[in-house]
Amino acid sequence: MSQSQAACILQLKVKTVHSHKRSAMQKLNFPRNSELFHWLLQSGLTLNLSR
């Protein structure tokens with residue numbers, strides 16, 4: 001899911017989604033997107049893109 005798709009679903013601006021993602025990655029000490037994605041999958045994230 002792209003940041004623009006997430007923004008649309010959450011009814012937020014893309015810049016807001018980007019800021020939240022960047023902040024979470026800094027707090028979790030994840031320098032790469034792949035680390036965040038792996039952590040989310042390990043935590044039980046499921047994607048339902050049928051909206």
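Me: Is Glu-35 buried, partly exposed or exposed?
Reply: Glu-35 is partly exposed, because its relative accessibility is 23% and that class starts where buried, under 20%, ends. Keep in mind that this is a predicted model.

Me: Which residue does Glu-35 form a salt bridge with?
Reply: The partner is Arg-32. The closest N and O atoms of the two are 2.9 Å apart, and the cut-off for a salt bridge is 4 Å.

Me: And Arg-32, buried or exposed?
Reply: Arg-32 is exposed, because its relative accessible area is 52% and the limit for exposed is over 50%.

Me: How many salt bridges does the count come to?
Reply: The count comes to one salt bridge.

Me: OK, new topic. What does the secondary structure of the chain come to?
Reply: There are three helices and zero strands. Read from the N terminus, the order of elements is α-α-α.

Me: Which residue in the loop between H1 and H2 can I look at?
Reply: Take Gln-11, which lies in that loop. Gln-11 has a positive phi of about 55°, although it is not a glycine.

Me: Why point that out?
Reply: Because most residues other than glycine have a negative phi.

Me: Is Gln-11 buried or exposed?
Reply: Gln-11 is exposed, because it has 72% relative accessibility.

Me: How far apart are His-18 and Ala-6?
Reply: In sequence they are 12 residues apart, and in space 9.8 Å, taken from C-alpha to C-alpha.

Me: And Ser-34, which helix is that in?
Reply: Ser-34 is found in H3. Its relative accessibility is 48%, so Ser-34 is partly exposed, since exposed needs over 50%.

Me: How far is Ser-34 from Gln-3?
Reply: Ser-34 and Gln-3 are separated by 31 residues in sequence, and their C-alpha atoms are 15 Å apart in space.

Me: Switching to the surface. Which residues make the nonpolar patch?
Reply: Met-1, Ile-9, Leu-10 and Leu-12 make a nonpolar surface patch of about 370 Å².

Me: Which helix has Ile-9 in it?
Reply: Ile-9 is found in H1. Ile-9 is partly exposed because its relative accessible area is 34%, and a residue needs over 30% to be part of a patch.

Me: What is the accessible surface of the chain?
Reply: About 4400 Å², and 56% of that belongs to carbon and sulfur atoms.

Me: How many residues does the chain have, and what share counts as buried?
Reply: The chain has 51 residues, and 12% of them count as buried.

Me: Last one. What box do the C-alpha atoms fill?
Reply: Roughly 30 × 25 × 10 Å, taken along the principal axes.

Definitions and conventions:
Residues are numbered from 1 along each chain as its sequence is written. This is a predicted model: local features need pLDDT of at least 70, side-chain atom pairs count only at pLDDT 80 or more; totals for chains, interfaces and linings use all residues. Side-chain values use heavy atoms; hydrogens and water are left out. Helices (H or I, at least four residues) and strands (E, at least two) are DSSP runs, numbered from the N terminus. Buried means under 20% relative accessible area, exposed over 50%, partly exposed in between (1.4 Å probe, protein chains only). Accessible areas come from the Shrake-Rupley method with a 1.4 Å probe; for residues, only the protein chains shown count as cover. Patches are made of residues with over 30% relative accessible area and no salt bridge: like charges are joined within 9 Å, nonpolar side chains (Val, Leu, Ile, Met, Phe, Trp, Tyr) within 5 Å. A salt bridge is a side-chain nitrogen of Lys or Arg within 4 Å of a carboxyl oxygen of Asp or Glu.
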